[in-house]
Amino acid sequence: MLRVARGFVSTEASAQEVVQDTWLGVIRGLASFEERSSLRTWVFRILVNIAKTRGVREQRTTPLSCLAADEGTGPTVDPSRFRDLHDPEWPGHWTPAGTPRRWDTDPEAGILRGEIRDLVSAAVEALPPRQKEVVVLRDVQGLDSEEVCELLRMTAGNQRVLLHRGRAKVRAALEVYYSREIA
Amino acid sequence: MSGERGWEIDCIDLVELVTGYLEGALDEEQHVTIEAHLRLCDGCHTYVEQMRETVNILGHLPLHAAQDLPDQIRRQLLAAFRAQRPR
């Protein structure tokens with residue numbers, strides 16, 4: 001929750017207050033909670049509303065219509081990993097050096113290795129705010145796309161763009177990790 | 001024939017459609033083209049697998065639910081919660 005709140009407000013302390021206010025709101029509202037949505041969606045809706053109100057006060061929210069450039073456009077994979085579009089044989093295809101190498105994941109480890117967990121957490125923290133919100137709600141918290149669109153009041157298309165860009169950055173961080181391990 | 005189909009899309013464009021593909025949000029035409037491409041192209045196949053693995057790892061991150069709040073705030077909340085409870 002703190003991670004989601006942090007996407008809307010400017011300081012860690014402010015985010016903690018948002019989480020606190022959310023729980024107070026939950027406690028107050030519990031009696032009137034109707035099971036039209038899941039409890040989880042309901043709690044997150046309260047959180048997002050409080051965080052947004054606060055974010056506006058702190059002048060930090062960005063309307064979706066003007067997503068920062070790094071949030072919404074540009075390639076998610078370094079273009080130099082592909083042959084150029086005039087390549088006589090395979091334009092736009094992976095170069096030999098750019099082709100992704102398989103990761104030596106350890107299925108027997110079962111539980112996530114601490115190292116990888118820290119690395120992925122850090123990669124998520126480093127995402128631009130809108131991407132972080134979507135990735136955390138969808139992939140970490142496990143909400144479905146409809147719930148997230150409703151919570152963040154965005155279209156399915158926008159949500160998908162942010163999710164894709166966020167995931168691609170996390171993948172890139174894992175790629176660096178695994179290629180270092182091989183070397 | 002399905003081989004031809006697979007080359008209708010370039011890797012550089014496919015990587016931008018992976019999330020749409022995994023979400024089942026693409027139109028039938030695009031979906032079939034991507035499936036055909038993935039059968040032919042090891043690089044893209046690996047890329048898509050890695051995006052799946054990324055989602056899988058994200059899903060195993062701890063939620064930090066209990067550690068979300070500093071002690072003092074947690075105490076205040078518990079007090080507020082007790083005060084709300086019907087007796």
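A nonpolar core here is a set of buried Ala, Val, Leu, Ile, Met, Phe, Trp, Tyr and Cys residues joined through C-beta atoms within 7 Å. Buried means 20 or more other C-beta atoms within 10 Å of the residue's own; exposed means 12 or fewer, partly exposed in between, with C-beta atoms placed from the backbone.

Ground rules next. This is a predicted model: local features need pLDDT of at least 70, side-chain atom pairs count only at pLDDT 80 or more, and totals for chains, interfaces and linings use all residues. Residues are numbered from 1 along each chain as its sequence is written, and chains are lettered from A and ligands numbered from 1 in the order in which they are written.

Now the core. The largest one has 34 residues. Those with the most contacts inside it are A:A5, A:V18, A:L47, A:A51, A:V135 and A:L137. Several helices (DSSP runs of H or I, at least four residues, numbered from the N terminus) each supply at least two residues, among them α2 (12-29), α3 (39-57) and α8 (156-182) of chain A, together with α5 (42-59) of chain B. Domain 1 (1-61) and domain 2 (63-183) of chain A each give this core at least three residues. Those bounds come from an automatic or database assignment.

Take A:L137. Leaving out residues up to four places away in sequence, A:L137 touches A:V4, A:F44, A:L143, A:V148 and A:L151. Contact means C-beta atoms, placed from the backbone, within 7 Å. There is also a second, separate core of 15 residues, including A:V77, A:F82, B:C11 and B:V18.

On to one helix pair. How do α6(A) and α5(B) pack? At an angle of about 80 degrees, with axes 8 Å apart. Axes are lines fitted to C-alpha atoms over the stretch in contact, and angles run from 0 to 180 degrees between N-to-C directions. The two helices are therefore roughly perpendicular, a label that covers 65 to 115 degrees. A:V135, A:D139 and A:V140 meet B:V55, B:L58 and B:G59 there. Nonpolar is Ala, Val, Leu, Ile, Met, Phe, Trp, Tyr, Cys and Pro; charged is Asp, Glu, Lys and Arg; the others, Gly among them, are polar.

Zoom out to the chains. 33 residues of chain B are in contact with 40 residues of chain A. On the chain B side, α5(B) has the largest share, 11 residues. That side holds 18 nonpolar, 9 polar and 6 charged residues.

Last, inside chain A. 7 residues of domain 1 are in contact with 9 of domain 2. On the domain 1 side, α3(A) gives the most, with 4 residues.

How values were computed
Two residues are in contact if their C-beta atoms, placed from the backbone, lie within 7 Å. Angles under 35 degrees count as roughly parallel, over 145 as roughly antiparallel, 65 to 115 as roughly perpendicular and the rest as oblique.
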